[in-house]
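Biologist: Please take one part of this model and go through it closely, then connect that part to whatever else you can describe with care.

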Amino acid sequence: NSRGGTEVVVQNIAQGLKSAGHEVFVITTCPWENGKSLKPQVREHDGVKIYEFYPFNIYHYAQGHRHNILVRAIWHFFDLFNLHSFFVVKSILDKEKPDLVWTHNVMGVGIPAVEAVKFLGIRHFHTVHDVQLSLPSGLMIYGEENNAEARFFLRPVYERVMQDVFSGAEKIFSPSKWLLNFYVDRGFFAGSKRVVLPNPVDLGTLGVQQTCRTPAVQQSVRFLYLGQIEEHKGIKMLVKIFRHLLNEGRDNLELTLAGDGALLEAIKVLAFDEERIKILGSIPHDKIGELFAVADYLIVPSLCYENSPTVIFESLAHGVPVLAVNLGGIPEIIHDDENGYLFNPDDNSLKDVILRAATLDPFDKLRVNPESGRGVDNYQNLCQNGYITVHELSTGAYIQKISSFLKTPESS
């Protein structure tokens with residue numbers, strides 16, 4: 001039921017495989033309602049069969065931000081040795097008898113779910129989306145790379161367990177070179193074929209490029225933040241910098257925040273009485289197009305090392321350039337001056353990039369990057385180049401790329 005970046009990617013892949021003529025079913029989780037939640041319930045979404053169940057644990061994965069570190073540690077212990085998940089997933093696989101199981105983020109489903117795949121001898125692909133196989137939190141914060149979690153004496157044991165769990169995967173996909181190198185440098189996936197393959201973008205719903213703004217039509221410069229309202233997303237830094245700029249008299253700036261999380265109430269207090277900072281709270285995924293339609297820029301101020309944020313591709317598909325932090329796999333997507341701007345994860349760099357974007361002339365003389373041949377540093381060019389970026393990553397193109405991998409080792 002969650003609609004985070006990974007869930008959107010899985011839905012795109014499932015729909016793409018189905019459209020290509022493959023039989024597809026999805027196993028995922030659901031929040032606790034009653035005892036029936038422990039058993040897999042079946043529903044259908046756009047022709048794809050979905051099995052949902054509540055893995056036996058002290059809370060649902062999506063509720064982790066509500067609990068303290070001790071409770072989360074207990075949760076991780078259950079997730080790591082969740083025999084309930086093993087038997088539920090095994091029963092579904094016994095029934096469906098798939099030729100291939102393609103796992104994504106299995107934390108929350110229960111790590112033993114992967115052992116069920118190995119136990120049945122089914123071909124196994126895995127896509128990594130974050131650093132959770134090395135750091136249970138899935139987060140590596142800039143400037144805190146050697147924090148308490150990284151130094152915890154049991155973390156190397158956890159990492160070795162994860163290496164063993166995924167040692168049987170035939171192929172490992174990573175949306176970014178950065179994330180794949182992160183794992184390879186730590187000894188993961190030594191026996192697997194490793195492939196860097198950017199996540200697919202569903203252009204069926206995102207393929208209508210909006211008209212770029214012009215000064216004659218829109219005087220305000222409208223920035224959009226769309227994502228979790230959490231400390232590691234840099235949201236506090238963003239709101240503080242915006243308030244500072246507005247207090248300096250930059251009255252042409254507007255910021256819209258859409259999302260939910262532990263810091264939502266704190267951000268409302270921080271933005272109090274500032275009408276040019278709008279806080280919308282959680283927005284249904286099918287409504288985000290309306291936000292992009294009135295945005296000039298998406299801003300991604302994350303303080304953690306991101307892999308390949310889905311929201312960036314969604315923004316580019318709507319013709320909205322992106323201002324994004326220069327960390328993790330993001331520089332593999334956003335190219336400075338071409339489809340957005342990169343900045344360092346600090347106050348001054350964020351302030352500078354906001355001002356740079358706000359003063360960009362949409363009709364500035366065309367300049368061309370001699371390496372890529374694309375126009376640069378012109379708002380119209382930023383929009384168009386972003387649109388080109390995502391068209392190269394359509395779901396159809398993605399399915400074509402993986403078609404050869406789907407063949408059995410004997411036939412490929």
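Modeller: Phe189 is found in the loop between α7 (177-184) and β7 (193-196), where helices (H or I, at least four residues) and strands (E, at least two) are DSSP runs numbered from the N terminus. The model is a predicted one, in which local features need pLDDT of at least 70 and side-chain atom pairs count only at pLDDT 80 or more, while totals for chains, interfaces and linings use all residues. Residues are numbered from 1 along each chain as its sequence is written, and side-chain values use heavy atoms, with hydrogens and water left out.

Phe189 is not a glycine, and yet its phi is positive, at about 60°. Most residues other than glycine have a negative phi. Phe189 counts as buried because its relative accessibility is 4% (buried means under 20% relative accessible area, exposed over 50%, partly exposed in between, with a 1.4 Å probe and protein chains only). A positive phi in a residue other than glycine also occurs at Lys97, where the value is near 50°. Lys97 belongs to the loop between α3 (83-96) and β4 (100-103), and with 65% relative accessibility Lys97 counts as exposed. A glycine with a positive phi, near 75°, is Gly319, which follows α12.

Helix α12 itself, residues 310-317, is mostly covered, with 8 of its 8 residues buried. The buried residues of α12 include Ile312, Phe313 and Leu316, and also Thr310, Glu314 and Ser315.

Leu238, leaving aside its neighbours within four places in sequence, is in contact (heavy atoms within 4.5 Å) with Tyr225, Leu255, Leu257, Ile299, Pro301, Leu350 and Ile354.

Axes are lines fitted to C-alpha atoms, for helices over the stretch in contact, with angles from 0 to 180 degrees between N-to-C directions; under 35 degrees counts as roughly parallel, over 145 as roughly antiparallel, 65 to 115 as roughly perpendicular and the rest as oblique.

A further pair is formed by α1 (residues 5-19) and α15 (residues 395-406), which pack at an angle of about 70° with their axes 10 Å apart, and which are therefore roughly perpendicular. On the α1 side the contact is made by Asn12, Ile13, Gly16 and Leu17, and on the α15 side by Thr395, Tyr398, Ile399, Ile402 and Leu406.

Finally, Phe53 has its place in strand β3 (residues 48-53) and is buried, with a relative accessible area of 0%. The C-alpha atom of Phe53 is separated by 35 Å from that of Leu298, a residue 245 residues apart from Phe53 along the chain.
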